[in-house]
Every structure is written in C-alpha cells, then in structure tokens.
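Hi everyone, thanks for coming. I'd like to walk you through one model today, so please keep the picture in view while I talk.

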Amino acid sequence: MNTAGVESRYIDSLTRVFTKEYFFIQARKLLEENPETEFCIVELDVNRLTMINDMYGLVEGDRVLQAVSGSLLDLFQGTPCSIVARIHADLFVFMCPYDKAQLEEVIEQVEDDVRCLSSKLSVDLLLSFGVYVANESDVPISSMCERANLALKSVKGNYINHVAYFDADMRIRA
C-alpha cells in the first residue's frame, strides 16, 4: 500500500493509513479493475482502548493505534490489490484478495504484533475481526463495510472466538 502522491486529506494523520472516504473510492476501483478476483473486506476493532487511554493517557492509546496500523501496513506492503484504512477511533478496515488461509495468517500476525505491545501494558488487548467476502461487485462499498461490521459486532469482546464471517442471518438478527 503506497500513500505517495495521495492528497493529505485522504491520509489519517495519526496512523498514516488511508481515510474511510479514500478507502471507499479505492475499494470500488479495485473491484471494477479486478472483476475475476474475489476480495474480502475486514473490519478490525481494538477492544479496551478506552481503558488504555484512562490508565496510561491518550499518548499510549495513540501508540496502540499506530502499532495496529503499522502492523497492517507492514503486512500489505507490496501486496497488489490491497488497501488499509482507519474508519474512526479504534476501528480499521482492510480489503485484499480473499484467500482464507492467507487471511488467517494476516489476522494471526496482527494479533501477535499487538500482543507484544500488550505485554508491556497491564491491559490485555483484544482485537475483534469481522469479515465480509465481497462476491457481489454491485453492492456498495459502504454496505460491504456494514456487513463486515455486523460480523465484527457478533464477536466483539469474545476471548474464544474473535473472528466472524458475515452471513445473511446477521442482517436479520441486527
């Protein structure tokens, strides 16, 4: 993921990843330019960030957000057809070609990176992931993100199962 040449208004000043607005533009472009590629959109939530901000201050909370974004940037560096963004506060989103095994490796690596930071704090950081497999290219990107978010909400705060894939029943339960 390369931010060179991108207007500064499209880059989150704290985390150095793209903004939600730029994500929507680029994600649509990726789908249109790669109709044969199956993509996934993954929302990632940093649980307990408020607790870190309260215990250690905003600077430490910002450091956590920068660690998450740094991990994602490192993982997707040089990976074609991928984009990472911060939606708001402690919520990130990324889009990449869908391969379940590779996605599990990405999730595991981000968790390992955050676990290293977590060991320095007395707060056990927990990440939650919601996955939407984008196999319908006519669905608006905002709707794809909402579906990933529904999946994320189904596992938020769950220590055992912290990754969920969207299924149509989630819309009914929401």
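Before the first number, a word on angles: axes are lines fitted to C-alpha atoms, for helices over the stretch in contact, and angles run from 0 to 180 degrees between N-to-C directions. And please remember that this is a predicted model.

With that in hand, let's start with α2 and α3. These two helices pack at an angle of about 145°, and their axes are 6 Å apart. On the α2 side, the contact is made by Leu49, Ile52, Asn53 and Tyr56, and α3 brings Leu58, Glu60, Gly61, Val64 and Leu65. By type, that contact divides into 6 nonpolar residues, 2 polar and 1 charged.

Let's stay with α3, residues 58-76. Its 19 residues reach 27 Å from first C-alpha to last, close to the 27 Å expected at 1.5 Å a residue. Just after the helix, Gly78 takes a positive phi of about 75°.

The other helix partner to look at is α4, residues 100-120. Here the packing angle with α3 is about 150°, with the axes 10 Å apart, and the crossing is right-handed. From α3, the contact uses Glu60, Arg63, Val64, Ala67, Val68, Ser71, Leu72, Leu75 and Phe76; from α4, Val106, Gln109, Val110, Asp113, Val114 and Leu117. Those residues divide into 10 nonpolar, 2 polar and 3 charged.

So which residues of α3 are buried? They are Glu60, Gly61, Val64, Leu65, Val68, Ser69, Ser71, Leu72, Leu73 and Phe76. Their cover includes both helices I've mentioned, α2 and α4, along with strands β2, β3 and β4.

Those strands bring us to the sheet. It is an open sheet of 6 strands in the order β1-β3-β4-β2-β5-β6, and the pairing is mixed. β1 and β6 stand at the edges with a single partner strand each, so one side of each has no neighbour in the sheet. Helix α1, residues 20-33, packs on the sheet and touches β1, β2, β3 and β4, its direction making about 145° with that of β3.

Now find β5, residues 126-134. How many of its residues are buried? The count is 9 of 9. Both faces are covered: Leu126, Ser128, Gly130, Tyr132 and Ala134 are buried on one side, and Leu127, Phe129, Val131 and Val133 on the other.

With β2 it pairs in the antiparallel sense over 9 bridges, and Asp45 stands opposite Ser128 of β5. With β6, residues 163-165, the pairing is parallel over 3 bridges, and Val131 has Tyr165 as its bridge partner there.

One last stop: β3 and β4. They pair in the antiparallel sense over 5 bridges, with Val84 partnered by Phe94 in β4. The loop between these two strands holds Ala89. Why does Ala89 count as partly exposed? Its relative accessibility is 41%, and partly exposed covers what lies between buried, under 20%, and exposed, over 50%.

How values were computed
Residues are numbered from 1 along each chain as its sequence is written. This is a predicted model: local features need pLDDT of at least 70, side-chain atom pairs count only at pLDDT 80 or more; totals for chains, interfaces and linings use all residues. Side-chain values use heavy atoms; hydrogens and water are left out. Helices (H or I, at least four residues) and strands (E, at least two) are DSSP runs, numbered from the N terminus. A crossing is left-handed if the near helix is turned anticlockwise from the far one by less than a right angle, and right-handed if clockwise. Contact means heavy atoms within 4.5 Å. Ala, Val, Leu, Ile, Met, Phe, Trp, Tyr, Cys and Pro count as nonpolar, Asp, Glu, Lys and Arg as charged, and the others, Gly among them, as polar. The expected span of a helix is 1.5 Å times one less than its number of residues. Buried means under 20% relative accessible area, exposed over 50%, partly exposed in between (1.4 Å probe, protein chains only). Two strands pair if DSSP finds at least two bridges between them.
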